Amino acid sequence: MRVSVIIPAWNEERALPETLAALRELPVAEIVVVDGGSRDATCEVAFAAGARVMRATRGRGAQMHAGANAAIGDVYWFLHADTRVSREAWEALRKAVTSEADLAGGNFSLRFRGESQGARVIEWLYPRLRTLGLCYGDSGFFVVREKYAAAGGFSAHPLFEDLDLLRRLRRVGRFVHLEAAVTTSSRRFEGRSFAGVFARWVALQTLYWLGASPRWLGSLYAPVRE
């Protein structure tokens, strides 16, 4: 089983080193960093860490789809640039892919680094959202290659590309949740009003389900970099 890790990045020179260092401890087939036109040393950092570096049109959906099209793996593991994985997560992924019938893909439990109120609230909220069928890309989606193709892959959405793919994956196979955790940065909640950040997230989510264009919604969702 070959696993290709695919990481979309844009101005992530500070977040990438820890993410890539953790991945180098695992027997993945390759690490593909797909840069969306960074103005910092993102590409240099990724290359120095042994990752395969490529460029694509900026936007998480477009970048991850470009990475999948170029990847060699039997399984694609899509990670955000500020998400750290563990040996436990790797072993859970390997076991799921080799033992689950009709598997399309899956995700992991999510922990946030940092002690902000926002991080703790979202960490508590994510399992409740799963009961509604909602899973997000920061929880480390992995997808079987054939099922990715059957589902049509990521759309070129700058926002909610994860929910869009999840809906289509569930039509072609089983999407499983693994209890092993990945850890992501809480930088979106640091140094700003959690109430304001959360209210905007809820508003964008509501607009998405009402049919608003993900491209338009993406223009309202400012990227956060440390």
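This tour steps through the sheet, the helices packed on it and the nonpolar cores.

The model is predicted, so local features need pLDDT of at least 70 and side-chain atom pairs count only at pLDDT 80 or more, while totals for chains, interfaces and linings use all residues. Residues are numbered from 1 along each chain as its sequence is written, and side-chain values use heavy atoms, with hydrogens and water left out.

**The sheet**

Start with the strands (DSSP runs of E, at least two residues; helices are runs of H or I, at least four residues; both are numbered from the N terminus). Select the 8 strands that form an open sheet, in the order β3-β2-β1-β4-β7-β6-β8-β5. Pairing here is mixed; two strands pair if DSSP finds at least two bridges between them. Look at the edges: β3 and β5 each pair on one side only.

Select β2 (residues 30–35) and β3 (residues 52–55). They pair in the parallel sense over 4 bridges. Find Asp 35; its bridge partner in β3 is Arg 55. Now follow the chain from β2 through helix α2 (residues 42–48) to β3: this β-α-β crossover is right-handed. That means the path from the first strand over the helix to the second runs clockwise, with the strands pointing away from the viewer.

**An antiparallel pair**

Move to β6 (residues 103–112) and β7 (residues 142–144), which pair in the antiparallel sense over 2 bridges. Gly 105 stands opposite Val 143 in β7.

**Helices on the sheet**

Select α3 (residues 60–70). It packs on the sheet and touches β1, β2, β3 and β4 (75–78); contact means heavy atoms within 4.5 Å. The direction of α3 makes about 150 degrees with that of β1. Axes are lines fitted to C-alpha atoms, for helices over the stretch in contact, with angles from 0 to 180 degrees between N-to-C directions. Next, α5 lies across β6 and β8 (174–184), at about 155 degrees to β6.

**The cores**

Color the buried residues (under 20% relative accessible area, 1.4 Å probe, protein chains only). A nonpolar core joins buried Ala, Val, Leu, Ile, Met, Phe, Trp, Tyr and Cys residues through side-chain atoms within 4.5 Å. The largest has 48 residues, and Ile 7, Trp 77 and Phe 142 have the most contacts inside it. Helix α5 (residues 117–130) gives the most to this core, with 5 residues. A second, separate core of 20 residues includes Ala 68, Tyr 76, Ala 104 and Val 143.

Methods:
Buried < 20%, exposed > 50% of the residue type's maximum accessible area, 1.4 Å probe, protein only.
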